[in-house]
Amino acid sequence: MSNIDDRKPRHREVFDTLLGEITSGRFKPGDRVPTEAELAKTFSASRTTIARAMRELKGRGLLNRQRGGGTRIAKQGGKRIALFAPFAQSAAQLGHIGGLIHAHLSDLASQRADHLRLQLIGRTDGDPLEHMLAATKALIEKDVEGVFYYPVEFPTERTDYNRIVVDRLQAAGVAVLIVDRDIVSFPDRSKFPLVTFDNRRGGYLVADHMIRRGRKRIAFIGSPYVSSAASDRMRGYCDALDDHDIAIDHSLIRTANLSDLDASFCTSLVKETNPDGIICKMDHYAAYVGRHLVEMGLKIGQDVLLAGFDDQPIAEMLPVPLTTIRFPLDPFAEVCYERLIKQIETPMIPSPGLTLIDVELMVRGSTGLDPAGSAVEKADKALV
């Protein structure tokens, strides 16, 4: 293992040499790998160089670190894992964020030679729990080792459906990581590890931005279903109002489905509450609301400030580009993957309960323009 190619960075030479030993069969699954100190001596390299090469091999799923057993060659063939989204019948129904989560997890699975299955539900008619459990059974029969569970947003009377499903998976010995939103509503927390975005901070950032633009009657349009993500966004909005000594007017807080956002909904909101700013739970909501505001003769970014969440492609394509909260998917997917694989490989070691991924405020014309014609963002730079 000591043939050095000076044309390569040393960590890459170490990586390539060890990779060759693994793929050639000299190292077999379960074999112990020499320690970093031993490899440093073999390659006449620093421990830092060896550690970097080892990290890259672990990132490919080729090495496992076992408590008390050192580092060993991982079993080949990759992990059998799944993204389970029991609210969708097709990949197209995952939505913008769900689709990006799937794409990023798929890329990571490909890099590691793991097998990622996208598990959806086959039908939506009849009892939803029956269909969710049928999809759960299919996953268990496929002998998956771990599941990224993307919860369904349910009305209050069905909030236990997600819990029933993940309990069934856990009882079958499947590692479960909840992604994007919890399976219970605030202030409860499920017993499963959760990776989500800092939605509360996102709600704060966008509300604070509007307040700094001089707005005090800011409406919030959220979800009628139980959703920890949507409720956290609303709590951030309330936090910002409180920090600026603005009393919370509950008439300004509305819930709606996308189909509810028609002309009558928007007319009622404007006539009954006279908002000077509107924050929507997602960009698609904001697009619908914005269209009706324009039809009512209101100027977005002047008469009414408007903002959403998700930073969907539509946000920049609207007649007045939409201020929104961006969710960085690269770090989100990487943390999700790391957490689930660690659960699979070390099931006796507790996983972190909650991991928050930071968000970013994207300021555009829908929350106002300065005299030069660019979106005002100076007041927000200290917070983003």
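Biologist: Why is helix H4 called oblique to helix H12?
Modeller: H4 (residues 95-112) and H12 (residues 329-345) pack at an angle of about 55°, with their axes 9 Å apart. Angles under 35 degrees count as roughly parallel, over 145 as roughly antiparallel, 65 to 115 as roughly perpendicular and the rest as oblique. The value of about 55° falls in the rest, so H4 is oblique to H12. Axes here are lines fitted to C-alpha atoms, for helices over the stretch in contact, and angles run from 0 to 180 degrees between N-to-C directions.

Biologist: What are these coordinates, and how are residues numbered?
Modeller: This is a predicted model, with residues numbered from 1 along each chain as its sequence is written. Local features need pLDDT of at least 70, side-chain atom pairs count only at pLDDT 80 or more, totals for chains, interfaces and linings use all residues, and side-chain values use heavy atoms, with hydrogens and water left out.

Biologist: Which residues make the contact between H4 and H12?
Modeller: Contact means heavy atoms within 4.5 Å. On H4, the residues include Ile97, Leu100, Ile101 and His104. On H12, they include Phe332, Ala333, Tyr337 and Ile341. The crossing of the two helices is right-handed: the near helix is turned clockwise from the far one, whereas left-handed means anticlockwise by less than a right angle.

Biologist: What makes something a helix or a strand here?
Modeller: Both are DSSP runs, numbered from the N terminus: helices are H or I with at least four residues, strands are E with at least two. The protein has 12 helices and 14 strands.

Biologist: What makes Pro350 count as buried or exposed?
Modeller: Its relative accessibility is 73%. Buried means under 20% relative accessible area, exposed over 50%, partly exposed in between, with a 1.4 Å probe and protein chains only. The value of 73% is over 50%, so Pro350 counts as exposed. Pro350 sits in the loop between H12 and S13. Its C-alpha atom is 9.1 Å from that of Pro193, which is 157 residues away along the chain.

Biologist: Why is strand S6 called largely enclosed?
Modeller: 5 of the 5 residues of S6 (residues 175-179) are buried, so the rest of the structure largely encloses this strand. Ala175, Leu177 and Val179 cover one side, Val176 and Ile178 the other. In a regular strand, side chains alternate between the two faces of the sheet.

Biologist: How do you know that S5 and S6 pair?
Modeller: Two strands pair if DSSP finds at least two bridges between them. S5 (residues 146-149) and S6 share 4 bridges, in the parallel sense. That meets the cut-off, so they pair. Gly146 has Ala175 of S6 as its bridge partner. S6 and S7 pair too, parallel, over 2 bridges.

Biologist: What makes the unit of S5, H6 and S6 right-handed?
Modeller: A crossover is right-handed if, with the strands pointing away from the viewer, the path from the first strand over the helix to the second runs clockwise. S5, helix H6 (residues 160-171) and S6 make a right-handed β-α-β unit.

Biologist: Which strands are the edges of the open sheet, and what makes them edges?
Modeller: The sheet has 6 strands in the order S4-S3-S5-S6-S7-S13, with parallel pairing. Strand S4 (115-119) and strand S13 (354-357) are the edge strands: each pairs on one side only. Neighbouring strands are turned by 20° against each other on average, direction ignored. S7 (residues 194-197) runs parallel to S13, joined by 4 bridges, and Thr196 stands opposite Leu356.
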